[in-house]
2 protein chains.
Amino acid sequence: MNIPQCSFPRVVIIGGGFAGISLAKKLRNKKLQVVLLDKHNYHNFQPLMYQVATGGLEPDSIAYPIRKVVQEYEDFYFRLADVKEIDTKAKKVIADIGELKYDYLVIATGSKTNFFGNKEMERNAMAMKTIPQSLNIRSLILENFEQALLTNDINERHSLMNFVLVGGGPTGVELAGALAEMKKAILPKDYPDLDIRKMEINLIQSGDRILNTMSENASEKAEKFLIDLGVEVWKNVRVTGYDGKVVTTNSDLKFETATVIWTAGVQGALVAGLDGHALVERADRIKVNAYNQVEGYDTIFAIGDIALMSSEEYPQGHPMMAQPAMQQGRHLAENVLRLVNKKEMKPFTYNDKGSMATIGRNKAVVDLPKFQFSGVFAWFVWMFVHLFSLIGFKNKAVVFLNWVYNYIRFDREARLIIRPYKKKKIESFVSDEI
Amino acid sequence: MNIPQCSFPRVVIIGGGFAGISLAKKLRNKKLQVVLLDKHNYHNFQPLMYQVATGGLEPDSIAYPIRKVVQEYEDFYFRLADVKEIDTKAKKVIADIGELKYDYLVIATGSKTNFFGNKEMERNAMAMKTIPQSLNIRSLILENFEQALLTNDINERHSLMNFVLVGGGPTGVELAGALAEMKKAILPKDYPDLDIRKMEINLIQSGDRILNTMSENASEKAEKFLIDLGVEVWKNVRVTGYDGKVVTTNSDLKFETATVIWTAGVQGALVAGLDGHALVERADRIKVNAYNQVEGYDTIFAIGDIALMSSEEYPQGHPMMAQPAMQQGRHLAENVLRLVNKKEMKPFTYNDKGSMATIGRNKAVVDLPKFQFSGVFAWFVWMFVHLFSLIGFKNKAVVFLNWVYNYIRFDREARLIIRPYKKKKIESFVSDEI
């Protein structure tokens with residue numbers, strides 16, 4: 001990989017998401033050689049991806065070039081690389097662009113969509129974990145309406161205008177809300193010759209409440225907001241299959257639809273090479289101790305979504321979200337420095353700052369550790385927090401400008417099909433990975 | 001295509017570029033049924049495409065949803081359609097989504113890159129006529145530097161850092177200038193472990209001056225600006241081939257390069273079905289009379305780049321640029337209305353408002369009909385004119401914000417590889433058309 005040898009210990013970080021970037025920032029100019037590897041040359045801000053999918057934001061606004069983050073860091077190297085395997089014996093990573101020795105290795109590869117082994121679903125449903133996937137969803141939504149105009153078959157038209165979202169977590173809820181707002185304010189104007197009232201948004205949740213990682217209050221409010229917006233919320237329904245035409249469930253309920261968006265599960269984005277007993281099978285996460293050290297390895301760490309640190313309060317590990325990832329990244333930086341300086345490491349404790357979700361215009365729910373609230377003020381808090389979490393002044397400004405514009409004009413202008421999905425699918429060169 | 005019959009005459013417009021959109025706007029609510037067909041669901045602002053290719057702007061900022069333009073137009077229909085053929089006998093167009101009868105047909109399909117039959121060049125060089133193509137170029141530029149980091153072969157590294165631009169028209173000149181600015185301000189910071197001084201930008205022009213449709217003064221100034229920025233300008237050199245590794249020319253001059261961007265020619269984007277004598281062979285344009293009527297047809301018109309209206313002042317037709325396209329579109333709208341109302345049509349005359357090109361920061365050339373100028377003031381005029389030509393308030397605001405930011409920070413933040421080009425090429429599913 002053409003990384004020069006130097007006298008400092010080498011820390012290799014795989015993944016430039018929230019965890020990896022937080023770690024890298026804290027390791028700046030610390031007499032360590034740091035090498036950051038990522039499949040993409042940008043960091044992307046996942047919490048706003050649903051707005052890219054629904055035409056509210058442009059992809060560049062929620063992404064940031066990694067090289068720009070680490071500009072002017074000394075002894076710091078970024079490489080655009082797809083890591084294939086870790087050779088823990090030889091202490092090296094093996095990537096598409098070559099091999100690299102490490103002194104310390106940090107796995108921060110994040111998570112990917114979990115279809116729980118349902119191959120049919122994986123083939124026919126859309127996922128939304130990457131920017132290209134978000135653009136695919138945006139294209140598909142718009143292509144559906146273009147196609148609905150052309151058919152005289154009522155069933156086909158209904159199927160094209162029926163959107164089924166599987167999974168009632170924050171992504172599913174936010175996406176459902178955004179689609180409902182498109183239905184209300186944009187689509188009737190864009191498609192005057194279609195009866196947009198016939199558009200359906202079905203949100204399906206296997207459990208008995210949506211946003212089940214939040215408070216019951218938040219779940220109730222969010223559901224009410226969604227219903228007010230015209231979303232059909234189905235609880236205690238488990239989706240069993242989708243052949244590209246009909247969604248089947250564990251009950252008699254069926255949905256004829258051309259579009260299924262699957263946000264019902266995530267799993268760790270594992271890299272091969274770790275010993276089996278360090279892995280948690282179903283979720284594909286890596287077991288770590290309180291120092292984020294991977295079970296069985298002294299010099300290998302895992303942080304963020306991929307890491308499962310079991311504690312009394314979080315027996316199943318921390319929630320797979322930005323906050324724990326960033327906190328672990330920052331904390332591990334200190335521990336790595338302690339380790340290098342032969343000091344004792346300190347255990348990680350998660351400081352839960354709360355969680356939130358937005359449903360639409362003036363509608364959000366916020367859970368803080370001490371109290372919960374919802375509505376207009378929650379919505380402003382949501383916007384404020386997300387705006388200031390974006391990296392870079394320009395991204396903040398552009399997103400702010402877009403939001404003000406969209407708010408005032410009830411509009412979402414980024415509805416361009418720049419990545420035609422159906423056409424690609426037909427020509428069978430859809431690749432969601434890139 | 002599911003367009004209802006109505007008592008008004010039906011005008012079918014193929015193409016939503018500058019010409020088609022200008023025409024459509026003027027035909028709003030005029031007791032005509034208007035159907036606009038385009039392969040994309042957006043209008044794109046070609047003059048700023050080079051900034052998308054060089055990371056200065058995001059694609060959505062220079063594109064605008066066509067449905068948004070024509071929202072609330074009565075008896076107006078947009079269809080996302082790829083027109084395959086015109087059946088002039090049956091008076092209908094045949095597209096991928098079906099057939100459509102017309103009373104009046106307007107061909108506004110614009111132009112595409114002309115490789116003058118050089119298949120090898122077409123296969124190995126990049127073109128920049130569409131937004132996906134611009135994103136491909138952006139990706140390729142960045143991928144080249146990522147790859148240059150990895151090689152120890154000096155020739156390979158040089159070839160990856162050598163950019164050859166064929167064609168000294170506005171696109172080639174503006175792209176060369178933008179690349180030179182990346183070389184100066186951005187790449188050394190992003191790639192501290194590469195010697196960016198070794199990066200070369202070669203602009204090759206077959207004639208004896210660049211910007212040869214502008215004044216000699218503009219050509220000279222632009223060349224000086226480019227040379228000051230470190231661009232190598234080659235005049236009177238004709239490129240003869242590019243096998244993917246070496247560019248050959250009509251002299252001994254050769255360029256070893258991984259990147260050739262071809263902006264050396266355009267040709268009409270013809271639709272099949274017109275009688276041969278209406279076509280101009282080499283340029284693939286359509287001969288029209290002073291009313292934009294296609295030679296030999298009463299009810300078929302052509303406007304914009306595709307139309308060749310020969311006049312005393314412009315024996316080879318008008319320049320293939322936005323201005324004539326927009327003027328012809330607006331003028332034809334009036335003529336169509338005259339025709340429908342059995343009045344006599346009026347001939348088109350082109351009002352040349354001048355032309356301009358930007359080379360970089362504070363550097364532009366402007367030719368007005370009465371006088372010419374260059375430098376900082378020209379640059380401001382260029383920005384002002386382009387900003388106000390963009391459709392939509394939000395696009396204007398976002399582009400303005402980006403420009404101010406880029407200017408102050410000497411930056412271009414949109415350098416994300418969201419459409420990996422090389423990887424696609426290897427997997428042989430590059431499709432420039434979509």
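1. What radius of gyration would a compact globule of 434 residues have, and what is the value for chain A? The model under review is a predicted one. For 434 residues, a compact globule would have a radius of gyration near 22 Å, and chain A agrees, since its own value is 22 Å. Along the principal axes, the C-alpha atoms of chain A occupy a box of roughly 70 × 50 × 45 Å.

2. The composition of chain A may be set beside these dimensions. Chain A contains twelve helices and 25 strands. Of its 434 residues, 58% are buried. When contacts in chain A between residues at least 6 apart in sequence are considered, 63% of them bring together residues at least 24 apart.

3. An unreviewed UniProt entry assigns the feature "domain: FAD/NAD(P)-binding" to residues 10-329 of chain A. In the model, residues 10-329 of chain A are 28% helix and 27% strand, and the C-alpha atoms at the ends of the span lie 17 Å apart. The feature "transmembrane region" is placed by UniProt, again in an unreviewed entry, at residues 371-393 of chain A. Residues 371-393 of chain A are 65% helix and 13% strand in the model, with 31 Å between the end C-alpha atoms.

4. Are the two partners buried or exposed? Y73(A) is buried, at a relative accessible area of 11%, and F76(A) is buried as well, at 8%. Elsewhere in chain A, ring pairs connect F145(A), F163(A) and Y191(A) into a cluster.

5. A charge placed over a ring is found in each chain. In chain A, R361(A) lies over the face of F410(A), at 3.5 Å from the ring centre. In chain B, the charged end of R361(B) is positioned over the ring of F410(B), 3.5 Å from the centre of that ring.

6. Q327(B) belongs to helix α9 of chain B, which comprises residues 322-340. Q327(B) counts as buried because its relative accessibility of 10% is under the 20% limit. Which residues does Q327(B) contact, leaving aside its neighbours within four places in sequence? The contacts of Q327(B) are F348(B), T349(B), Y350(B), N351(B) and K353(B).

7. V404(A) is located in helix α11 of chain A, residues 393-409. With a relative accessibility of 34%, V404(A) counts as partly exposed, because that term covers values between 20% and 50%. The C-alpha atoms of V404(A) and G230(A) are separated by 24 Å, and the two residues are 174 residues apart along the chain.

How values were computed:
Residues numbered from 1 in each chain as written. Chains lettered and ligands numbered in written order. Predicted model: local features only at pLDDT ≥ 70, side-chain atom pairs only at ≥ 80, totals over all residues. Heavy atoms only, no water. Buried < 20%, exposed > 50% of the residue type's maximum accessible area, 1.4 Å probe, protein only. Phe/Tyr/Trp six-rings, centres within 6.5 Å; stacked < 30°, edge-to-face > 60°. Lys NZ or Arg CZ within 6 Å of the ring centre and 35° of its normal. UniProt positions renumbered as here; feature names shortened; annotations may be inferred. Helix = DSSP H or I, 4+ residues; strand = E, 2+ residues; numbered from the N terminus. Contact = heavy atoms within 4.5 Å. Rg over C-alpha atoms; globule rule 2.2 N^0.38 Å.
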